[in-house]
Amino acid sequence: MSKGTGRTDGAGDGTGPGDEARLADGACGGSGASGSSGPSDSLRPLWRQRDFGVFWAAQTLSVLGDSFSLIALPLLVLDVTGSVASMGRLTAAGAAASVLAAVFAGAVVDRVDRRRLLITCDLVRMALYGLVPLVWVFGPRVWLLYTVLPVCEAVGMFFAVGYVTVVRGLVDTGRLTEANGRLNATAAAAGVLGPLCAGLVAAWTGPVTAVAVDAASFAVSAACLTFVRLRPRAADDGQPPKDTTLWQDLRTGVAFLYRHPVLRSLNLLLFLFSFLTLGLNDLVIYHLKHDLGHDDGTVGTVLAVGAVGTIAGSLLVARVRRRLGFGPTWIGATAVCGLAFAGLGRVRELPALGLLSAAFLGCVAIAGTCSMSLRQEITPEPLLGRVTSAYWTIQYSAAPAGAALLTWAAEAHGTTPAALAAGTGCVLVAAVALLTPVRAAGRS
């Protein structure tokens with residue numbers, strides 16, 4: 001459901017400070033288009049670049065609203081059904097729709113005006129999420145969530161792919177990691193305040209009001225995007241690919257990934273990581289509400305503490321990547337994600353639960369930033385939408401089944417063994433990465 005930072009690559013998309021971001025460009029092979037608009041932009045701080053600044057502010061405000069429904073929708077399902085498996089099925093339905101949309105999203109993004117596409121996606125989601133509080137006036141309708149969320153997730157995939165290409169059109173290639181990091185860090189800061197407010201709102205007036213806040217935030221995002229101007233597209237002068245079908249466009253993206261050894265290996269590793277972790281948010285909420293007996297306000301507080309980890313990871317990633325290189329940074333962050341996940345279902349003290357959540361989300365931000373920035377740096381501009389679309393289609397293709405399986409296991413066998421099994425799987429993903437080209441990526 002994220003609109004502020006688009007979609008992440010799990011242990012794969014995110015961002016952090018510094019011109020030190022060029023990194024894996026040469027070391028991993030390939031250089032992408034520069035996207036430069038002149039030396040003045042390359043020297044000015046990002047916050048002084050008007051179009052990036054407007055985009056940055058819009059998406060930060062947007063994430064603030066989006067974090068409301070991140071808590072509210074699972075709480076609505078849990079309040080009505082009392083079942084974590086039902087929460088997992090809703091998550092799986094949304095993820096499945098997102099994967100289906102990813103098949104076509106890249107080709108569409110590379111063919112249309114990207115700014116208009118983002119605005120349209122925001123307006124559609126504003127209308128759909130706005131339906132939930134209106135219908136809930138007449139009583140709970142869980143079926144509506146199974147209709148609205150998949151459509152919104154599908155639309156959100158088009159937004160997310162477009163988002164990746166838009167950032168490429170706003171800043172120089174050498175500053176992509178910095179730009180992505182600033183976007184993710186401020187979005188995470190909004191994500192700290194958002195869950196706190198959402199938990200309080202849900203506790204006082206119910207989760208439905210929190211969904212209404214999210215709908216309004218899409219309107220704000222759309223309004224701000226109307227003031228953003230993108231640089232002309234490089235290489236293809238903004239012209240859509242001619243005489244190709246959507247299927248051929250997807251094959252083009254897959255072919256690029258297959259030919260690049262680091263992206264190919266990374267994509268397969270993220271396929272496993274996403275399968276294991278998509279249901280984590282549902283698992284944490286269920287553990288707090290069902291196992292520990294806490295209220296909605298406490299849920300918001302713990303998730304807000306976790307978001308602090310995202311801020312830290314987003315701000316540190318460029319420095320860590322510069323020092324260690326892409327491969328060691330990604331592998332190390334993924335391993336820590338697994339260790340943190342393994343402990344989430346076992347601990348019962350709120351400070352420990354918040355700390356583990358922060359560790360998991362912080363390392364997701366680090367590994368995620370590296371992955372997205374690498375892909376932006378080495379993918380030619382005309383292919384970026386299609387490559388991103390193919391990347392996410394493969395990465396998330398098994399994730400819906402993983403979310404359903406994880407939440408079913410938590411309900412049937414308890415959150416402790418379910419979290420331990422998933423966390424162990426994440427550590428094994430990091431171990432397997434040591435045997436792939438990912439290990440040497442980013443080293444001169």
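This tour moves through one protein chain, selection by selection.

**Before selecting.** The model is predicted, so local features are given only at pLDDT of at least 70 and side-chain atom pairs only at pLDDT 80 or more, while totals for chains, interfaces and linings use all residues. Residues are numbered from 1 along each chain as its sequence is written, and side-chain values use heavy atoms, with hydrogens and water left out.

**Whole chain.** Show the chain as a cartoon: there are 17 helices and 0 strands. Helices (H or I, at least four residues) and strands (E, at least two) are DSSP runs, numbered from the N terminus. Of the 444 residues, 61% are buried (under 20% relative accessible area, with exposed over 50% and partly exposed in between; 1.4 Å probe, protein chains only). Among contacts (heavy atoms within 4.5 Å) between residues at least 6 apart in sequence, 90% join residues at least 24 apart.

**Residues 326-344 and 415-433.** Select helices α13 and α17, whose axes come within 7 Å and cross at roughly 165°. Axes are lines fitted to C-alpha atoms, for helices over the stretch in contact, and angles run from 0 to 180 degrees between N-to-C directions. The angle makes α13 roughly antiparallel to α17 (over 145 degrees; under 35 is roughly parallel, 65 to 115 roughly perpendicular and the rest oblique). The crossing is left-handed: the near helix is turned anticlockwise from the far one by less than a right angle, whereas clockwise is right-handed. Display the side chains of the contact, among them Trp 330, Ile 331 and Phe 341 of α13 and Leu 420, Cys 426 and Val 427 of α17. The contact has 14 nonpolar, 3 polar and no charged residues. Here Ala, Val, Leu, Ile, Met, Phe, Trp, Tyr, Cys and Pro count as nonpolar, Asp, Glu, Lys and Arg as charged, and the others, Gly among them, as polar.

**Gly 343.** Stay in α13 and pick Gly 343, which is buried at a relative accessible area of 16%. The C-alpha atom of Leu 353, 10 residues away along the chain, is 8.4 Å from that of Gly 343.

**Residues 384-396.** Next select helix α15, which is largely enclosed by the rest of the structure, because 12 of its 13 residues are buried. The buried residues include Arg 386, Tyr 391, Trp 392 and Gln 395.

**Residues 261-277 and 399-413.** Finally, select α10 and α16, which pack at about 35° with axes 6 Å apart in a right-handed crossing. Ser 274, Phe 275 and Leu 276 of α10 meet residues of α16 including Ala 399, Gly 402 and Leu 406.
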